[in-house]
Amino acid sequence: MTQEQINELRQLAQAATPGPWRAAISSSMVNRVCTTLETVCETGKNIDDALYIAAANPAAILTLIAEIDSLRDQVNGLTGEIEAAEKTLRQSRANDREAMSWIADCKEATGYHGSLMPSFVEYLRDLKQRADK
């Protein structure tokens, strides 16, 4: 449903006869939807129409619209969080590429062709421990 459709439905529900609404089923086959004071509409012979219209009263429609609004707000918030996480991941990958390039440069500069990772990781741990103190 578009936001325009929801807004139109909200306006219609707010302008409609307040409830509660109930189906008034008649043996004369003239079924109605009524409030405690007046008839909202006649549905003719179809009992299911009267029951449905009574159930789809303004309060029910406004409650459904409020739920839609809430869910859309949640989706928008999650979309923002996903975008932030994607940005962080892109930055992390860029940092990883820089670190790997730096390691390759160090290996080339020193002529070392073994794995620098264990000693590099140990070096980073030492730095972190010193920073935590």
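Leaving aside its neighbours within four places in sequence, which residues is Thr43 in contact with? Thr43 touches Asn31, Arg32, Val33, Asp49, Ala50 and Ile53, where contact means heavy atoms within 4.5 Å. The residue lies in strand E3 and counts as buried, at 16% relative accessibility. The cut-offs used here are under 20% relative accessible area for buried, over 50% for exposed, and partly exposed in between (1.4 Å probe, protein chains only).

The model is a predicted one, so to speak of local features a pLDDT of at least 70 is needed, side-chain atom pairs count only at pLDDT 80 or more, and totals for chains, interfaces and linings use all residues. Residues are numbered from 1 along each chain as its sequence is written, and side-chain values use heavy atoms, with hydrogens and water left out.

Now for the overall layout. The chain has four helices and three strands, arranged along the sequence as α-β-β-β-α-α-α. Helices (H or I, at least four residues) and strands (E, at least two) are DSSP runs, numbered from the N terminus. The chain is more spread out than a compact globule, because its radius of gyration is 33 Å, well over the 14 Å that the globule rule gives for 133 residues. That radius is taken over C-alpha atoms, and the rule is 2.2 Å times the number of residues to the power 0.38. Along its principal axes, the C-alpha trace spans about 100 × 30 × 25 Å.

Burial and surface come next. Of the 133 residues, 13% count as buried. The chain exposes about 10300 Å², with carbon and sulfur atoms supplying 57% of it; accessible areas come from the Shrake-Rupley method with a 1.4 Å probe, and for residues only the protein chains shown count as cover. Among contacts between residues at least 6 apart in sequence, 32% join residues at least 24 apart. As for charge, the mean positions of the 14 positive and 19 negative charges sit 5 Å apart. Lys and Arg count as positive and Asp and Glu as negative, while His and the chain ends are not counted; each charge is placed at NZ of Lys, CZ of Arg, CG of Asp or CD of Glu.

Back to the strands. Arg32, one of the residues that Thr43 touches, has its place in strand E2. Arg32 is partly exposed, with a relative accessible area of 30%. Beyond residues up to four places away in sequence, Arg32 touches Arg22, Ala23, Ala24, Thr39, Cys41, Glu42, Thr43 and Ala50. Ile65 is another matter: Arg32 and Ile65 are 33 residues apart in sequence and 25 Å apart in space, C-alpha to C-alpha. Ile25, in the loop between E1 and E2, is partly exposed at 43% relative accessibility. With neighbours within four places left aside, Ile25 is in contact with Asn31, Ile47 and Ala50.

The loop between strand E2 (31-34) and strand E3 (39-44) holds Thr35, which is buried at 8% relative accessibility. Setting aside neighbours within four places in sequence, Thr35 is in contact with Thr17, Pro18, Pro20, Trp21 and Val40. The peptide bond from Gly19 to Pro20 is cis, with omega near 10 degrees. For background, most peptide bonds are trans.

What about the cysteines? The structure holds zero disulfides, a disulfide being a pair of cysteine sulfur atoms within 2.5 Å. The sulfur of Cys34 is 8.3 Å from the closest cysteine sulfur, in Cys41, and that is too far for a bond. Cys34 is buried, with a relative accessible area of 8%, whereas Cys41 is partly exposed, at 23%.

Finally, helix H3 (residues 58-110) includes Leu62, a partly exposed residue with a relative accessible area of 29%. Leu62 touches Arg10, Ala13 and Gln14, not counting residues up to four places away in sequence. Leu62 and Leu9 are 53 residues apart along the chain, and their C-alpha atoms are separated by 8.5 Å.
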